[in-house]
Amino acid sequence: MKSITINGSKRESVGKKETKALRNAGQVPCVVYGGGEPLHFSADETAFKPLVYTADVHTVIITLEGGEKIDAVLQDIQFHPVTDAILHMDFYQIFDDKEITMQIPVHTKGVPRGVKNGGVLRYNLRRLKVKGLPGNLPDFVEANVTPLKIGNKLYVTALASDNFIIQHPDNTVICQVKASRNVTEDLEEEDEVAADEVESTQVDDAAVKE
């Protein structure tokens with residue numbers, strides 16, 4: 001998983017007056033948990049844009065004065081209700097030998113057979129909640145949807161990996177192909193799709209069900 005470096009400064013005072021002064025100066029007050037006593041720091045708001053305004057997931061290397069570095073993941077973020085400015089951020093410190101739980105984006109691969117026959121691919125789950133060691137967690141989880149016919153569903157069991165544990169029930173649906181309103185062909189006509197029009201990569205048959 002990719003990392004983003006945030007250069008910050010430790011906060012000695014955490015009162016409302018000091019916090020307001022930080023925000024007025026374009027700084028975001030932050031806290032890191034998980035390493036013993038909570039560590040308070042602040043960083044320029046622009047430094048968080050690659051972390052916040054993206055669909056991708058990253059770990060964070062928080063670099064403080066004196067060269068101190070902390071590996072962490074974003075845990076919570078608060079925005080201003082009107083301006084959407086970042087008001088506060090919580091991070092959780094991570095360690096190479098301790099498992100963490102994260103929401104990893106799901107990227108689909110291929111064109112479903114059912115879509116080629118007039119169906120529509122509907123998404124039920126855009127992010128997968130997984131648990132594993134930080135070094136084993138991917139930037140995203142890829143789901144091959146090529147074999148899906150109209151009426152088929154792709155379950156989380158299709159994305160099982162030795163590198164992490166999926167934190168969803170086995171019957172959780174990632175996506176499914178539904179018939180669109182303008183489809184008039186009988187569903188059996190899907191078998192007429194030429195073999196060379198479908199990618200050879202396959203999804204575990206046990207995870208693709210009607």
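Cysteine 175 is buried, with a relative accessible area of 0%; buried means under 20% relative accessible area, exposed over 50%, and partly exposed in between (1.4 Å probe, protein chains only). Cysteine 30 is buried too, at 0% relative accessibility. The structure holds 0 disulfides, a disulfide being a pair of cysteine sulfur atoms within 2.5 Å.

This is a predicted model, in which local features need pLDDT of at least 70 and side-chain atom pairs count only at pLDDT 80 or more, while totals for chains, interfaces and linings use all residues. Residues are numbered from 1 along each chain as its sequence is written, and side-chain values use heavy atoms, leaving out hydrogens and water.

**Nonpolar cores**

- The largest nonpolar core has 25 residues, and Leu128 and Leu159 have the most contacts inside it. Such a core is a set of buried Ala, Val, Leu, Ile, Met, Phe, Trp, Tyr and Cys residues joined through side-chain atoms within 4.5 Å.
- Strand β8 (100–109) is one of the elements that give two or more residues to this core, and its share of 4 residues is the largest. Strands (E, at least two residues) and helices (H or I, at least four) are DSSP runs, numbered from the N terminus.
- A second, separate core of 19 residues includes Ile6, Val28, Ile86 and Phe91.

**The open sheet**

- Four strands make an open sheet in the order β11-β8-β10-β13, with mixed pairing; two strands pair if DSSP finds at least two bridges between them.
- β11 and β13 (165–166) are the edge strands, each with a single partner, so one side of each is left without a neighbour in the sheet.
- β8 and β10 run antiparallel and are joined by 6 bridges. Isoleucine 104 has leucine 128, in β10, as its bridge partner.

**Aromatic rings**

- The whole structure has 2 aromatic pairs. Rings of Phe, Tyr and Trp (its six-membered ring) pair if their centres lie within 6.5 Å; planes under 30 degrees apart count as stacked, over 60 as edge-to-face and the rest as tilted.
- Phenylalanine 41 and phenylalanine 91 form a tilted pair, 6.0 Å centre to centre with 40° between the planes. Phenylalanine 41 lies in β4 and phenylalanine 91 in β7, so the pair ties together parts 50 residues apart in sequence.
- Phe41, Phe48 and Phe91 form one aromatic cluster.

**Charges over rings**

- The charged end of arginine 126 sits over the ring of tyrosine 123, 3.9 Å from its centre. This label needs NZ of Lys or CZ of Arg within 6 Å of the ring centre and within 35 degrees of the ring normal.
- Lysine 98 lies over the face of phenylalanine 95, at 5.0 Å from the ring centre.
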